[in-house]
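Student: I am new to this structure and would like a close look at one part of it, the strands and how they pair. Could you start with the overall layout and then take me through that part step by step?

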Amino acid sequence: MAAEPDRVREPVAARRPAPGMVNERLTLLEREGYRTTPQRRAILESMLAAGRENVTAEEICRRARAVCPTVNLATTYRTLDLFGRLGMVRRLTYGDGRSVFCPNVHPHYHGTCLRCGAVVDIPRRRVTKTIEQEQSKLTDGAFVVVGHRIEFYGYCAGCRTSGASPGK
Ligand SMILES: [Zn+2]
Ligand SMILES: [Zn+2]
């Protein structure tokens with residue numbers, strides 16, 4: 001089935017991130033000389049609350065605004081830029097121009113859902129090791145391989161659950 005990245009997705013169930021995860025990042029923010037404003041906290045919390053799913057700035061903004069009404073999309077982008085400079089978040093841009101934001105600082109891959117376009121963190125297991133062992137063998141006179149970027153496709157938990165009604 002073709003990906004439908006533009007489709008409006010069902011909101012991820014409201015979860016609260018572990019306080020430690022939030023405070024650890026707020027401490028880093030302050031150590032770098034930035035204040036912990038209610039907007040920054042709300043944006044950080046709504047991003048971390050998405051768990052393994054990497055969400056768009058619009059979704060982060062919508063969720064943050066429910067907690068802190070003064071958050072808008074411009075604030076959200078500015079804050080995500082700041083978090084990015086501090087290494088707290090990574091922006092992932094896809095071929096269709098859509099960007100999602102990943103707050104997971106540990107090494108991992110991303111899987112894109114073929115049905116709803118969700119981008120989900122997935123573990124690396126032995127995949128990286130295998131690829132790193134093999135990639136140098138791809139080097140020839142025309143090209144020297146020094147790294148790789150890999151993207152997985154599949155189905156997210158939400159789409160598998162609602163698999164009985166593909167027209168939904
Ligand atoms: Zn990620
Ligand atoms: Zn999905």
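Tutor: Happy to. The chain has six helices and six strands. Please keep in mind that this is a predicted model. Reading from the N terminus, the elements come in the order α-α-β-α-α-β-β-β-β-α-β-α. Of the 168 residues in the chain, 24% are buried. Among the contacts with a separation of 6 or more, 55% join residues 24 or more positions apart.

Now to the strands. Strands of a sheet pair through backbone hydrogen bonds, and the pairing can be parallel or antiparallel. Here, four strands form an open sheet in the order β1-β5-β4-β6, and the pairing in this sheet is mixed. At its edges are β1 (53-54) and β6 (151-154), each of which pairs on one side only.

Strands β1 and β5 pair in the antiparallel sense over two bridges. You can find this pairing by looking for Asn54, whose bridge partner in β5 is Val119.

The next step leads from β5 to strand β4 (residues 109-113). These two strands are also antiparallel, with four bridges between them. His110 has Asp121 of β5 as its bridge partner, and Gly111 stands opposite Val120 in β5.

Strand β2 (residues 90-93) and strand β3 (residues 99-102) pair in the antiparallel sense over four bridges.

Let us follow the chain onward from β5. Most residues other than glycine have a negative phi. Arg125, however, has a phi near 45°, a positive value in a residue other than glycine. Is Arg125 buried or exposed? Arg125 counts as exposed because it has 9 C-beta neighbours inside 10 Å, and the cut-off for exposed is 12 or fewer.

Helix α1 (residues 19-31) has 13 residues and reaches 18 Å from its first C-alpha to its last, close to the 18 Å expected at 1.5 Å a residue. Just after α1 comes Gly33, with a positive phi of about 95°.

How do α1 and helix α2 (residues 38-48) meet? Their axes come within 10 Å and cross at roughly 140°. That angle is why α1 counts as oblique to α2. The crossing of α1 and α2 is right-handed. On the α1 side, the contact is made by Met21, Val22, Arg25, Leu26 and Leu29. On the α2 side, Arg40, Arg41, Leu44, Glu45 and Leu48 take part. In an α-helix there are 3.6 residues a turn, so residues three or four places apart point the same way.

Conventions: Residues numbered from 1 in each chain as written. Chains lettered and ligands numbered in written order. Predicted model: local features only at pLDDT ≥ 70, side-chain atom pairs only at ≥ 80, totals over all residues. Buried ≥ 20, exposed ≤ 12 C-beta atoms within 10 Å, placed from the backbone. Contact = placed C-beta atoms within 7 Å. Expected span 1.5 Å × (residues − 1). Pairing = 2+ DSSP bridges. Axes fitted to C-alpha atoms, helices over the stretch in contact; angles between N-to-C directions. Parallel < 35°, antiparallel > 145°, perpendicular 65-115°, else oblique. Left-handed = near helix turned anticlockwise from the far one by under 90°.
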